[in-house]
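Hi,

Here is the structure I promised to send you. Have a look at it first, and then read my notes below.

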Amino acid sequence: MKPSPISNCERRFLLRAIEEGKRLDGRQCYDYRNVSISFGTEYGCCIVELGKTRVLAQVSCELVPPKPSRPTEGILFVNLELSPMAAPGLEPGRQSDLLVKLNRQIERCLRNSRCIDTESLCVVAGEKVWQIRLDIHLLNHDGNIIDAASVAGIVALCHFRRPDVSVQGEEVTVYTPEERDPVPLSIHHMPICVSFAFFQQGTYLLVDPSEREERVMDGLLVIAMNKHQEICTIDSSGGIVLVKNQVLRCSKITAVKVAEITELIQKALENDQKVRKEGGKFGFAESIPNQKITAFKMESAAVDTNNVEEQAEEIITKADPPSEVPVLYTPGTAQIGEGIENSWGDFEELEKEEAAEEEGEDDATAFECQKMEIEDTNMMEETKTDEPILLSDSEEEEVVILQPQELPKKTRAQTNLKQGSTSKKAFIKRRKKKRAAH
Amino acid sequence: MGERAAAPPAGRHQWEAAVLQEAKMAAGSGCCLRPFSCELGLLSRPDGSAAFLQGDTSVLAALYGPAEAKGNRELPERAALEVLLRPKVGLPGVGERSREQLLRQTCEAVLLGRLHPRCSVSLVLQVLGDSGSLLSCCLNAACMGLLDAGLPLASLFCGVTCALHPDGSLVLDPSTRQEQEARALLTFAIDSAERKVLMASTKGTCSVEEMQQCIAAAQSAADTIFQFYRDSIRRRYSKS
């Protein structure tokens, strides 16, 4: 799939609209799109929608040996993937630049800010620690991937429950979810990224750019902050020159947005926990609203399998028994020769032939060959009726055979038995001729 | 029958459970499909998208096509179909590749590729949750995605998974635990025109009779699934 480039008129239109303070979707310059969070049935699985940008995050954990430089700390591994479904231009294995940049930003936001207490992930110092793996998949690209990914990442980490572990001396016991309730991760704070797009060399500023706006922007400023107004990372890319006032203004806007988003996250997490505790239904199926016309739900349906056995018996009795004939698949392209004849059963005959060859006497060998000939004709009759079935994909109307097998008039001394089937064939044909002569 | 006579409003949940239990016993134990849900057109960038949920197993399918094919991928007489399946955790491995091939062969059997020569159709599937019967959920999501994208199809198809227990009983649409306890797991893709088998993938040992029984059960379950397709599409286009 090729990505379609943005046309010049579209570019001009967007820039002129931004100069007049208008955005394509009707937002104001500092407005964020709607954030909606839904959880799956597993712990640590969530889907975040930022407008139409959709991101899936999943957290999993594993016991591994720690890094030698930090023997008492757990490991957080973050992996962001741009799924080929997110946009037409994203092919697997061809997205290096954007992917590397996004991965690095997310890593800095979540790992370097130390939002997770990695010391609490240590089980046996120097030997076993928890490795927390966070996989983020972008499902639909409508701009501002980094914000959606950071929200999804932190929500998934807050939602995740790891198995409970107890250490008694040398023994480490990992409890299954049935034995002991899984334990949440210890999270210090929630860093959330907010993106700012700059246009016309920094004159105009838009918060949360959509995909079209991202294509025409000059530069991007990403600020990661938590609700305590601590800046976790700042990243400016695109080569724009920013003045101190602009950066301070952006950080103030970030503080406001982060407070709103953090409140939303807390509410969503609380709701989900309440539903799970009360034993209600949870998961992606429940987050699909019933009123949506594009969504349809069906309750558990019973399937009538009473006469399954009778149907099966009927089919088996009507079916033909499997044939003894070998079925060969040929590639169906140009063919040289008439196709192979099954000569695997003739191995013993071939050995006898070789022995006869070495003697080199026509009379003695003729007698032996007559014996073999009888066996051969029997076999030949068999092979005539049971010719191997050739199945091929060939779409050629006519099978054109190049170099059809000509009957070689060689004496047996000259035939090279190492050729296997061709010589065997020649041998049979010679025998046929001799029989005709008799 | 006595339960039906009881007043529904009072013990609604028990009444529903009792009806379901009756239906289960009538249909043969365990022959029950989990609750299905489907959402169409939920992604804005792909040409067609569908999320299919079977109980807790859910798969999101997205389609791009027919679009211009890359140089070496284009076929001169029909559309080139490419299937990508992405797991939720980790990188795609050999299991995903083999499922991709099964899906591709099933889709190629129904897709009228000859109407779009030298074009490419890309089907991308993302696993949102795996709780048993993943391959059949992928098949169902793929078919709904093809419908949503409006690609020309010779017929629809659906996926059904059967699990055979060591005692010989048959379970349709098994959960993860039922799959682990089963001695054989069979997945069939059934087409909508004549309920024929388009694809079969099996794991474990079973006899020929058992396999035919599973096929018959899958064909019977396919009726329910095709009715579900019909109802969701009808709902989708009820206001146009």
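Accessible areas here come from the Shrake-Rupley method with a 1.4 Å probe, and for residues only the protein chains shown count as cover. By that method, chain A has an accessible surface of about 25200 Å², and 51% of this belongs to carbon and sulfur atoms.

This is a predicted model, where local features need pLDDT of at least 70, side-chain atom pairs count only at pLDDT 80 or more, and totals for chains, interfaces and linings use all residues. Residues are numbered from 1 along each chain as its sequence is written, chains are lettered from A and ligands numbered from 1 in the order in which they are written, and side-chain values use heavy atoms, with hydrogens and water left out.

Now to confidence. The pLDDT (the predictor's confidence in each residue, from 0 to 100) averages 81 in chain A, and 74% of the residues score at least 70. Over residues 375-384 of chain A, pLDDT stays under 50. Where pLDDT is low, the predicted coordinates should not be read in detail.

Chain A has 10 helices and 20 strands (DSSP runs, numbered from the N terminus: helices are H or I with at least four residues, strands E with at least two). Of its 438 residues, 43% are buried (under 20% relative accessible area; exposed is over 50%, partly exposed in between, with a 1.4 Å probe and protein chains only).

In chain B, the buried residues of H3(B) include B:Leu102, B:Leu103 and B:Val110. Among the elements that cover the buried residues of H3(B) are strand S5 (80-86) and helix H4 (134-149) of chain B.

Happy exploring!

Terms used:
Contact means heavy atoms within 4.5 Å.
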